[in-house]
Amino acid sequence: MSTKTTAVFQLLQAEKKAAELIDNAKKNRVQRIKQAKIDADAEVLKFRQKMQKKFEEFQSEQTTAGSQGSAAEKQKADKEIQVLRQTHAARKEKVSDLLVHLVTKFDLTVPN
């Protein structure tokens, strides 16, 4: 009987030890997950700050260069408009003549 009780006692101790190991493993896993979340949050915050700084630099560049850029763009647009008006003036007469010719000169013969 004594060997049976010692065997049962050993099984109970082994089961208790296994339960403790599993419990410790679960606790360690939870700690690792919490630490990973903390690390990830820190990385996200660091990245967000970096991107915010980059955006603010870009925004300030655009603000200072915006007035200079818009004046240059206006000059460029005015120049392009002037070129289009010159082209229109140069070709206006030719297009009018072509349209008048196409409308007034047509062939009245019936095709076979």
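**View 1. Asp 78 is partly exposed, with a relative accessible area of 40%.** Here buried means under 20% relative accessible area, exposed means over 50%, and partly exposed is in between (1.4 Å probe, protein chains only). The model is predicted: local features need pLDDT of at least 70, side-chain atom pairs count only at pLDDT 80 or more, and totals for chains, interfaces and linings use all residues. Residues are numbered from 1 along each chain as its sequence is written, and side-chain values use heavy atoms, with hydrogens and water left out. The side chain of Asp 78 meets that of Lys 74 in a salt bridge, 3.5 Å from N to O. A salt bridge is a side-chain nitrogen of Lys or Arg within 4 Å of a carboxyl oxygen of Asp or Glu. Lys 74 is exposed, at 52% relative accessible area. Asp 78 and Lys 74 are four residues apart in helix 1, so about one helical turn separates them. Helices (H or I, at least four residues) and strands (E, at least two) are DSSP runs, numbered from the N terminus.

**View 2. Lys 37 and Asp 41 form a salt bridge.** The closest N and O atoms of this pair are 3.3 Å apart. Both residues belong to helix 1, where they are four residues apart, about one turn of the helix. Lys 37 counts as exposed, with 53% relative accessibility.

**View 3. Lys 27 and Asp 23 meet through their side chains in a salt bridge.** The N to O distance is 3.5 Å. About one helical turn separates Lys 27 from Asp 23, because the two are four residues apart in helix 1. Asp 23 has a relative accessible area of 35% and is therefore partly exposed. By the rule used here, the count comes to three salt bridges. In general, side chains of opposite charge can pair when their charged atoms come close.

**View 4. Leu 98, Leu 102 and Val 103 make a nonpolar surface patch of about 310 Å².** Patches are made of residues with over 30% relative accessible area and no salt bridge; like charges are joined within 9 Å, nonpolar side chains (Val, Leu, Ile, Met, Phe, Trp, Tyr) within 5 Å. Val 103 lies in helix 1, which covers residues 2-104. With 60% relative accessibility, Val 103 counts as exposed.

**View 5. Arg 48 is a residue of helix 1.** Its relative accessibility is 56%, so Arg 48 counts as exposed. From Arg 48 to Leu 108 the C-alpha to C-alpha distance is 77 Å, over a sequence separation of 60 residues.

**View 6. The protein chain has one helix and zero strands.** Its C-alpha trace spans about 130 × 60 × 10 Å along the principal axes. The radius of gyration of the protein chain is 43 Å, whereas a compact globule of 112 residues would have one near 13 Å. This radius is taken over C-alpha atoms, and the globule rule is 2.2 Å times the number of residues to the power 0.38. Of the 112 residues, 0% count as buried. The protein chain exposes about 11200 Å², and carbon and sulfur atoms supply 61% of that area. Accessible areas come from the Shrake-Rupley method with a 1.4 Å probe; for residues, only the protein chains shown count as cover.
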